[in-house]
Amino acid sequence: MLQVVTLKEIEAIFSVTDAMGIHRESLVIPLAPAASGRVRRTPAGKLEITVDANRPIDEWVTELPRLIAAAQGT
């Protein structure tokens, strides 16, 4: 179980969001993972991406485009 989000997880997220054309300044990535990862839009309009603590990052990021699209309402 992942205890803290490290540069490895952040880089994996950036590889997905960069490919989607999402600017890094529009992201919030909490350093504390959660039992199940999620993506939500903050009141400030940024995308908050919370890493899944229970799954390997390489597996979880494959779902990230779908989670981002859902949070954006697309």
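Mentor: Read along the sequence, the protein runs α-β-β-β-α-α. This is a predicted model, in which local features need pLDDT of at least 70, side-chain atom pairs count only at pLDDT 80 or more, and totals for chains, interfaces and linings use all residues. Residues are numbered from 1 along each chain as its sequence is written, and side-chain values use heavy atoms, with hydrogens and water left out.

Trainee: How many helices and strands are there in the protein?

Mentor: There are 3 helices and 3 strands. Helices (H or I, at least four residues) and strands (E, at least two) are DSSP runs, numbered from the N terminus.

Trainee: Why is the protein called as compact as a globular protein of that length?

Mentor: Its radius of gyration is 11 Å, close to the 11 Å that the globule rule gives for 74 residues, so the description holds. The radius is taken over C-alpha atoms, and the rule is 2.2 Å times the number of residues to the power 0.38. Along its principal axes the C-alpha trace spans about 30 × 25 × 20 Å.

Trainee: Why is Thr17 called buried?

Mentor: Buried means under 20% relative accessible area, exposed over 50%, and partly exposed in between (1.4 Å probe, protein chains only). Thr17 has a relative accessible area of 0%, so it is buried. Its place is in helix H1. Not counting residues up to four places away in sequence, Thr17 touches Ile22, Leu27, Ile49 and Ile68; contact means heavy atoms within 4.5 Å.

Trainee: Thr42 lies in the loop between strand E2 (38-41) and E3. Why does Thr42 count as buried?

Mentor: Thr42 has 13% relative accessibility, so it counts as buried. The C-alpha atoms of Thr42 and Glu25 are separated by 13 Å, and these residues are 17 apart along the chain.

Trainee: And what makes Thr62 exposed?

Mentor: The relative accessible area of Thr62 is 60%, therefore it is exposed. Thr62 is found in the loop between H2 and H3. Its C-alpha atom is separated by 12 Å from that of Phe14, 48 residues apart along the chain.

Trainee: Why is Ala71 called partly exposed?

Mentor: Its relative accessible area is 23%, so Ala71 is partly exposed. Ala71 sits in helix H3. Leaving aside neighbours within four places in sequence, Ala71 is in contact with Val39, Arg40, Arg41 and Leu47.

Trainee: What makes a set of residues a nonpolar core?

Mentor: The members are buried Ala, Val, Leu, Ile, Met, Phe, Trp, Tyr and Cys residues joined through side-chain atoms within 4.5 Å. The largest one here has 19 residues, of which Ile13, Val39, Ile49, Trp60, Val61, Leu64 and Ile68 touch the most other members. Helix H1 (7-19), strand E3 (47-50), helix H2 (57-60) and helix H3 (64-72) each give two or more residues to this core. H1 supplies the largest share, 5 residues.

Trainee: Which residues does Ile49 touch, not counting residues up to four places away in sequence?

Mentor: Ile49 touches Ile13, Thr17, Leu27, Val28, Ile29, Pro30, Arg38, Val39, Trp60, Leu64 and Ile68.

Trainee: What percentage of the 74 residues in the protein is buried?

Mentor: Buried residues make up 38% of the 74. Of the contacts with a separation of 6 or more, 42% are between residues 24 or more positions apart.
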